[in-house]
Amino acid sequence: MGRAFVYVILGGGVAAGYAALEFTRRGVSEGELCIISEEPVAPYERPALSKGFLLPEDPARLPSFHTCVGANDEKLTPKWYKEHGIELVLGTRVKSVDVRRKTLLSSTGETISYKFLIIATGARALKLEEFGVEGSDAENVCYLRDLSDANRLATAIESSANGNAVVIGGGYIGMECAASLVINKINVTMVFPEAHCMARLFTPKIASLYEDYYSAKGVEFIKGTVLTSFEFDSNKKVTAVNLKNGNHLPADLVVVGIGIRPNTSLFEGQLTIEKGGIKVNSKMQSSDSSVYAIGDVATFPVKLFGEMRRLEHVDSARKSARHAVSAIMEPEKTGEFDYLPFFYSRVFAFSWQFYGDPVGEVVHFGEFEEGKTFGAYWIKKGHLVGSFLEGGTKEEYDTISKATQLKPAVTDLEELGRVGLGFAETV
Ligand code: FDA
Ligand code: NAD
């Protein structure tokens, strides 16, 4: 016994929401499309969880940030799915998939069959246990991937007013959560193994500007080391963390952001996996022609770099979703996915955008000061391949995006630093 759909989206996150909107734009009939998600709520804009959701005053709460408000598009509330005849199967984990038979088995025992499957299972947060540290299920140790994590963190923040938080990890979650904790008047110490924050993207010069600002806000940085163990009280709440460098830090709250792992396990042995994700072609189609993958879980060809990449950012989730739906519904009219990687973040009053690939030589430009506009270009084999800009206007971001897409030749790096944004304007 089970139900049959033409299209099934497995996973109900950012990519699923944008795919649903695209299906309705291209004309899907009632009862043809189903979204099945472990989360109990309709797809929402995950980036809100580390930003607006954690504000002390007037925090963002659903339904205000359902997809697709993040792209200034329609807001897809549960009512919207109903009105469009889309079946939302929420709070339901898929526990196995048979790609050959084109069926999914849910945790409730239901079999769902499909003609086309879109995998949008995203990723899960890595756990400290995977690095040999025990005890991260304590009530005041928080990860941040989904709404239930965010609710847990918001509650922990409320009960830690004026207390001490230790943030483990110096990536996106670490930086965005540290800023939110400071705004909530919590004392923050950040601990990470690298020499500076956001090591996957920032140059030491860029990192030092943000670190100085955080330090001025009272954040302490302990770099080049990792957590080795927790100390607990009799209620199994963490009271302190011990670091490899011998430091002992009292903690009312611990926030952990140490990276993610794509949720591919349902498909291992059934589909080709590459770079940790489900390998797809330029139409987001996997090694099985009825199965597509989008968002964080997909490894796709980035034409601009001539390489397969798996990206972990909302813009690629949104655009890969639209592309997959277009490729399924109008295969003849759909070309190759030609995507320019785009990342952004907002912390305190800062706001930056990055386009392209952060590889090669770096040239900084602008005034490296809070409240000013500054940035960097990455040059590989004589061509611009990456652009970072803090504090830009919409037009300036558009300009660096367009210039990076064109990979213009750069001959004089000193001159590039002098003209800065002016270079992108002349491309
Ligand atoms: P996503 O994780 O959104 O959704 C996956 C869905 O699949 C979930 O609903 C999950 O429950 C479900 N699922 C998984 N396995 C399942 C199973 N077996 N059965 C049923 N359901 C299953 N990016 C950016 O560019 N700018 C930003 O500011 C931020 N900010 C940000 C903040 C926070 C807190 C996080 C966690 C992430 C960001 N990101 C971001 C990253 C961005 O949110 C991310 O790239 C997208 O959410 C990816 O979208 P997906 O739909 O691929 O996965
Ligand atoms: P990340 O990859 O950005 O950073 C992981 C960090 O973990 C590293 O910088 C490192 O400092 C640290 N680390 C690794 N191993 C460690 C260890 N054993 N002990 C201590 N620290 C360790 O991942 P994240 O910050 O966890 O973010 C999770 C996901 O959410 C990513 O996919 C990210 O792209 C996404 N996200 C994106 C944004 C954004 O784009 N603005 C915001 C929030 C989250």
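Q: Which residues come nearest to ligand 2, among the 21 residues around ligand 2?
A: The structure is a predicted model. In this model, 21 residues lie around ligand 2. By class, this shell has 10 nonpolar, seven polar and four charged residues. Those that come nearest to ligand 2 are Ile 173, Glu 176, Glu 194, Glu 312 and Tyr 344.

Q: Which atom of ligand 2 is 2.6 Å from an N or O atom in the side chain of Glu 194?
A: A pair of N or O atoms counts as a polar contact if the two lie within 3.5 Å. The side chain of Glu 312 has an N or O atom 2.6 Å from an oxygen atom of ligand 2, and a polar side-chain atom of His 313 lies 3.0 Å from an oxygen atom of ligand 2. For Glu 194, the atom of ligand 2 at 2.6 Å from the side chain is an oxygen atom.

Q: What percentage of the accessible area of ligand 2 does the protein cover?
A: The contact with His 313, for example, involves an oxygen atom of ligand 2 and a polar side-chain atom at 3.0 Å. On its own, ligand 2 has 840 Å² of accessible area. The share of this area that the protein covers is 85%.

Q: Which element gives the most residues to the shell around ligand 2?
A: The elements that give two or more residues to this shell are α4 and β24, the latter spanning residues 342–347. With three residues, the element that gives the most is α4.

Q: Which residues are closest to ligand 1?
A: Ligand 1 is surrounded by 32 residues. This shell divides into 12 nonpolar, 11 polar and nine charged residues. The closest residues are Glu 39, Arg 46, Lys 51, Arg 145 and Asp 296.

Q: How much of the area that ligand 1 exposes when taken alone does the protein bury?
A: Polar atoms of the protein approach ligand 1 at several residues, including Lys 51, where a polar side-chain atom lies 2.5 Å from an oxygen atom of the ligand. A polar backbone atom of Ala 15 is 2.8 Å from an oxygen atom of ligand 1, and a backbone N or O atom of Val 94 lies 2.9 Å from a nitrogen atom of ligand 1. Taken alone, ligand 1 exposes 1000 Å². The part of this area that the protein buries is 94%.

Q: Which elements give two or more residues to the shell around ligand 1?
A: A backbone N or O atom of Val 94 lies 2.9 Å from a nitrogen atom of ligand 1. The elements that give two or more residues to the shell are α1 (14–26), α4 (172–183) and α6 (314–329).

Q: Which residue in β20 stands opposite Ile 273?
A: Strands β19 and β20, the latter at residues 277–279, run antiparallel and are joined by two bridges. In β20, the residue opposite Ile 273 is Ile 278.

Q: What is the radius of gyration of the chain, and why does this value agree with a compact globule?
A: The C-alpha atoms fill a box of roughly 65 × 60 × 40 Å along the principal axes. Because a compact globule of 427 residues would have a radius of gyration near 22 Å, the value of the chain agrees with that expectation: 22 Å.

Q: What is the mean pLDDT of the chain?
A: The model scores ipTM 0.99 and pTM 0.98. In the chain, 100% of the residues reach a pLDDT of 70 or more, and the mean is 97.

Technical notes:
Residues are numbered from 1 along each chain as its sequence is written. Chains are lettered from A and ligands numbered from 1 in the order in which they are written. This is a predicted model: local features need pLDDT of at least 70, side-chain atom pairs count only at pLDDT 80 or more; totals for chains, interfaces and linings use all residues. Side-chain values use heavy atoms; hydrogens and water are left out. A residue is near a molecule or strand if one of its heavy atoms lies within 4 Å of it. A polar contact is a pair of N or O atoms within 3.5 Å; within protein, one must be able to donate a hydrogen and the other to accept it, and residues adjacent in sequence count only if both atoms are side-chain atoms. Accessible areas come from the Shrake-Rupley method with a 1.4 Å probe; for residues, only the protein chains shown count as cover. Helices (H or I, at least four residues) and strands (E, at least two) are DSSP runs, numbered from the N terminus. Ala, Val, Leu, Ile, Met, Phe, Trp, Tyr, Cys and Pro count as nonpolar, Asp, Glu, Lys and Arg as charged, and the others, Gly among them, as polar. pLDDT is the predictor's confidence in each residue, from 0 to 100. Two strands pair if DSSP finds at least two bridges between them. The radius of gyration is taken over C-alpha atoms; the globule rule is 2.2 Å times the number of residues to the power 0.38.
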